[in-house]
Amino acid sequence: MIYIPRTTKWLKRESGLITPMTKIEEQADFYLQNYDVISKYVCNHTGGHKEFLDKAVTKPYRCRFCGKSEPEVKFTDDAHAISELIGNKSLFLKSECEACNKKFGRIYEDQFAKYLGPGRTVTQTKGKNGIPSYKTVDGKFRMDVTDKGFVIQEVAGNGRLDFSNGEIQLQLVKDTYIPLNAFKALVFMALSVIPENEVSAFDETIRWLNGEEICFNMKIYSQYVMERFIAGAKPLPLSAVVLRRKYGKEVPYSIFSLEFDNYGFQIVVPCPKEDYRLDGKTITIHALPSMIDIDEELKNRKQSFAIRDWSSNKPLRGESFEMNLHYEYREEITGKYSDVADMAKQEGVKPLKPKG
Ligand SMILES: [Zn+2]
């Protein structure tokens with residue numbers, strides 16, 4: 001499969017006029033022609049109200065990921081349908097056992113969070129314990145978000161901060177992560193939000209998530225992760241959409257789109273059972289139009305689009321993270337370690353702890 005995320009075509013109308021067809025119309029048309037929405041959730045960040053996506057499921061619950069039921073496995077009412085690490089406080093799932101929740105959370109969601117790395121702090125994504133602080137392994141750089149703004153601490157001469165051009169330029173390095181496991185986190189979230197009666201189409205996919213070898217080239221999925229980033233203060237609510245192909249269409253079976261804060265991710269959900277028939281074909285997939293394309297204000301903000309290859313199952317070390325932050329007000333304090341530690345205390349953050 002080959003993806004060409006956005007294309008521009010010119011259509012010749014009968015009147016003889018050449019009318020430009022915008023990218024967004026073409027993208028929207030692709031989805032209207034080929035797909036139906038089977039899940040769509042937008043959740044608020046305030047939490048408080050728990051919503052179970054599979055309300056109709058009754059006891060005894062059966063886990064959609066391991067197929068086991070009570071009492072063989074335990075069920076709590078605490079299985080997040082979308083990772084809590086990216087801000088989900090309200091969407092939950094009954095048909096996921098405690099063991100699978102822990103296992104996939106630990107193995108996969110943690111790797112996705114590592115991929116985002118300092119991005120979760122910069123975009124102020126509220127995780128389990130509020131907005132995560134970011135610190136480098138050597139302890140020479142630390143970034144916290146307080147209710148007043150960012151507090152950034154750095155050992156002098158460390159070189160990860162640059163204030164030229166009236167912006168704060170961050171040059172950081174992410175923690176080591178395994179790209180394929182970050183991809184599996186997205187797949188896991190997609191399979192958590194699909195309706196119960198759709199799960200059986202993804203039997204092989206679930207076995208693959210559980211670590212089994214599948215007789216299908218799963219790389220065709222993980223090599224094409226679409227990522228969008230839009231600048232500015234938290235523009236996007238947490239939302240998840242799953243699409244299923246319309247009958248008889250020659251496109252991958254399912255598409256998953258996830259948006260939160262400044263990020264948008266889109267994948268083809270692996271589905272060997274339904275996608276084997278596309279073997280040997282070249283298919284063009286478009287980016288699913290979102291708020292970013294439609295909202296007048298967002299449309300004009302700085303944004304980026306990339307296609308990531310997350311097929312490697314080897315640890316990826318030292319991936320760089322570069323971002324520019326705009327600020328309205330900046331105060332710079334330079335001093336000895338004890339002065340800075342006092343300042344950190346006053347700001348309500350932990351002081352920098354350089355190693356060595
Ligand atoms: Zn389970």
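Biologist: What spacing do the donors of the zinc ion follow along the chain?

Modeller: In this predicted model, the donors of the zinc ion are spaced as C-x2-C-x30-C-x2-C along the chain. C66 belongs to the loop between β4 (51–52) and β5 (91–92), whereas C100 belongs to helix α2, so the pair ties together parts that are 34 residues apart in sequence.

Biologist: How do you know which atoms coordinate the zinc ion?

Modeller: A donor has to be an N, O or S atom within 2.8 Å of the metal, and the SG atoms of C63, C66, C97 and C100 are found at 2.3 to 2.4 Å from the zinc ion, so they count as its donors.

Biologist: Why is the arrangement around the zinc ion called tetrahedral?

Modeller: Four donors count as tetrahedral if all angles lie between 85 and 135 degrees, and the four donor atoms here subtend angles of 104 to 116 degrees, which makes the arrangement tetrahedral. As a reference, the ideal angle for four tetrahedral donors is 109.5 degrees.

Biologist: What makes the second largest pocket lie between domain 1 and domain 2?

Modeller: Its lining takes residues from both domain 1 (18–114 + 177–308) and domain 2 (118–173 + 319–346), so the pocket lies between them. The volume of this pocket is about 820 Å³, and of the 34 residues that line it, S83, L85, D110, R120 and K128 are the closest to its centre. The largest share of the lining, nine residues, is supplied by α2, and by class the lining residues divide into 14 charged, eleven polar and nine nonpolar.

Biologist: Why are β9 and β16 described as standing at the edges of their sheet?

Modeller: The sheet is open, with three strands in the order β9-β10-β16 and antiparallel pairing. β9 (161–162) and β16 (320–325) each have a single partner strand, so one side of each is left without a neighbour in the sheet.

Biologist: What lines the largest cavity, and which strands each supply at least two residues of its lining?

Modeller: The largest cavity, with a volume of about 70 Å³, is lined by residues including M226, R228, E259, F265 and F305. β11 (225–230), β13 (254–261) and β14 (263–268) each supply at least two residues of the lining, which by class has five nonpolar, three polar and three charged residues.

Terms used:
Residues are numbered from 1 along each chain as its sequence is written. This is a predicted model: local features need pLDDT of at least 70, side-chain atom pairs count only at pLDDT 80 or more; totals for chains, interfaces and linings use all residues. Side-chain values use heavy atoms; hydrogens and water are left out. On a 1 Å grid over the protein atoms alone, a cavity is a set of points where a 1.4 Å probe fits but cannot get out, and a pocket is an open set with protein on both sides within 12 Å along at least five of seven lines; lining residues have an atom within 4 Å of a point. Grid points are joined across faces, edges and corners, and a volume is the space filled by probe spheres set on the points. Helices (H or I, at least four residues) and strands (E, at least two) are DSSP runs, numbered from the N terminus. Ala, Val, Leu, Ile, Met, Phe, Trp, Tyr, Cys and Pro count as nonpolar, Asp, Glu, Lys and Arg as charged, and the others, Gly among them, as polar. Domain bounds come from an automatic or database domain assignment. Two strands pair if DSSP finds at least two bridges between them. Donors are N, O and S atoms within 2.8 Å of the metal (3.2 Å for Na, K and Ca); water is not among the atoms, so sites may look incomplete. Four donors count as tetrahedral if all angles lie between 85 and 135 degrees; four count as square planar and six as octahedral if opposite donors are over 155 degrees apart and all others between 65 and 115; anything else is irregular.
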